[in-house]
Amino acid sequence: MPGNQYNGNSTLNSDRVGRLLKIRERRRSIRSAYSNDVTDNHRGTEPCENDLRTREGDSLNNSIIEQYLEGAIAEGYEKLDVRPLRQRLLVVANRLPVSAVRRGEDSWSLEISAGGLVTALLGVKEFEARWIGWAGVNVPDEVGQKALTKALAEKRCIPVFLDEEIVHQYYNGYCNNILWPLFHYLGLPQEDRLATTRSFQSQFAAYKKANQMFADVVNQHYEEGDVVWCHDYHLMYLPKCLKEYNNNMKVGWFLHTPFPSSEIHRTLPSRSDLLRSVLAADLVGFHTYDYARHFVSACTRILGLEGTPEGVEDQGRLTRVAAHEQIRFYFCYTNRALSSSCNQFPIGIDSDRFIRALELPQVQEHIKELKERFAGRKVDLILT
């Protein structure tokens, strides 16, 4: 990932090799205990098919780890192409992909939420994902928080607990009353000037506080080598908070709304703080090139940074503007020092998942019903 010395740091490779050595020793001890159990329980009998499959799987995993370790030793822990372990991805969004309903003092029920971000990330298979966000409910008591945290862990989710006042000022106030209208060219709220100033100050303070609370949870669960992917206008201050904690942390930020022109963005009192906070990320992504161009224009015109054919430069740190690049390329393989990247990434879906669904019996039955119902008619499908 551009702007990150982490990828080329020998300390990272050394630590990774150390973890693999521990895994190898642990598996050897497990195999030894397993072998003893099999000898005691199945003495004089042929190994069963499951035993053979287990041993074959262990052999394959071990061979991958051994190959990695041999390459590390031979090349001095540098330029390693074998990646036996999936990288962890910490997805940080305002809301978790589940809805929580309290059933008792220490009992919660969870349901997967429907949404564009949830659907899009179902196709991310290169990473071992964890989701960090607000559960959408106020949980003031410690018993309830522990129970909900435990329930969410089964869904690979990690909660951020926000109190009602923070939610009111941060989410209902600054996010939905100020940022969302501004980013959609609706302008700032028209109120009494003094009341508006006070509203801006208190809501922006709550916004920064909430972003710091998200950062604190990320820091608690972050492991060396993780990729942190922040989402949307709710968390524009988060990249700065994370980089202050660990400058080597891989941080990306993606906006799911339009980004307005610099003329519109400059009407925001906290315009400079938000731009610099986003620029702390290693990768900044937008849906379209126009949104990315507006962001770069705001950085050059409002912050006075240097604009180049490649993007924006700030004291040797380059925010690039490009098109049609894969996000994992920057997260995993790019080693340019002191640079970040600003790109367009149209959100999509896991198309293979939908193609496979067409073969399900219930789907085929429904298709048959539709064909019979509209036989002999022309059907137009309009998506908005």
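Visitor: Of the contacts in the protein chain with a separation of 6 or more, what percentage comes from residues 24 or more positions apart?
Guide: Residues 24 or more positions apart account for 73% of those contacts. Contact here means heavy atoms within 4.5 Å.

Visitor: And where do these values come from?
Guide: This is a predicted model, in which local features need pLDDT of at least 70 and side-chain atom pairs count only at pLDDT 80 or more, while totals for chains, interfaces and linings use all residues. Residues are numbered from 1 along each chain as its sequence is written, and side-chain values use heavy atoms, with hydrogens and water left out.

Visitor: How many helices and strands does the protein chain have?
Guide: The protein chain has 13 helices and twelve strands. Both are DSSP runs numbered from the N terminus: helices are H or I with at least four residues, strands are E with at least two.

Visitor: At what angle do the axes of α9 and α10 cross?
Guide: The axes of α9 (residues 271–279) and α10 (residues 289–302) cross at roughly 120° and come within 11 Å. That makes α9 oblique to α10. Angles under 35 degrees count as roughly parallel, over 145 as roughly antiparallel, 65 to 115 as roughly perpendicular and the rest as oblique.

Visitor: Which residues of α9 and α10 meet?
Guide: From α9 there are Arg271, Ser272, Leu275, Val278 and Leu279, and they meet Phe295, Ala298, Cys299 and Ile302 of α10. The residues of this contact divide into seven nonpolar, one polar and one charged. Ala, Val, Leu, Ile, Met, Phe, Trp, Tyr, Cys and Pro count as nonpolar, Asp, Glu, Lys and Arg as charged, and the others, Gly among them, as polar.

Visitor: New topic. Is Gln87 buried or exposed?
Guide: Gln87 counts as buried, because its relative accessibility is 18%. Buried means under 20% relative accessible area, exposed over 50%, and partly exposed in between, with a 1.4 Å probe and protein chains only. Gln87 is found in strand β1 (residues 87–95).

Visitor: What lies 2.8 Å from a polar atom of the Gln87 side chain?
Guide: The backbone oxygen of Gly225 does.

Visitor: What about Arg156, what is its phi?
Guide: Arg156 has a positive phi of about 60°, although it is not a glycine. Arg156 sits in the loop between α4 (142–153) and β5 (157–160), and at 42% relative accessibility it counts as partly exposed.

Visitor: And where does Gln315 lie?
Guide: Gln315 lies in the loop between β10 (311–314) and β11 (317–322). Its phi is positive too, near 55°, and Gln315 is a residue other than glycine. Gln315 is exposed, with a relative accessible area of 81%.

Methods: Axes fitted to C-alpha atoms, helices over the stretch in contact; angles between N-to-C directions. Polar contact = N/O pair within 3.5 Å; in protein donor to acceptor, adjacent residues only side chain to side chain.
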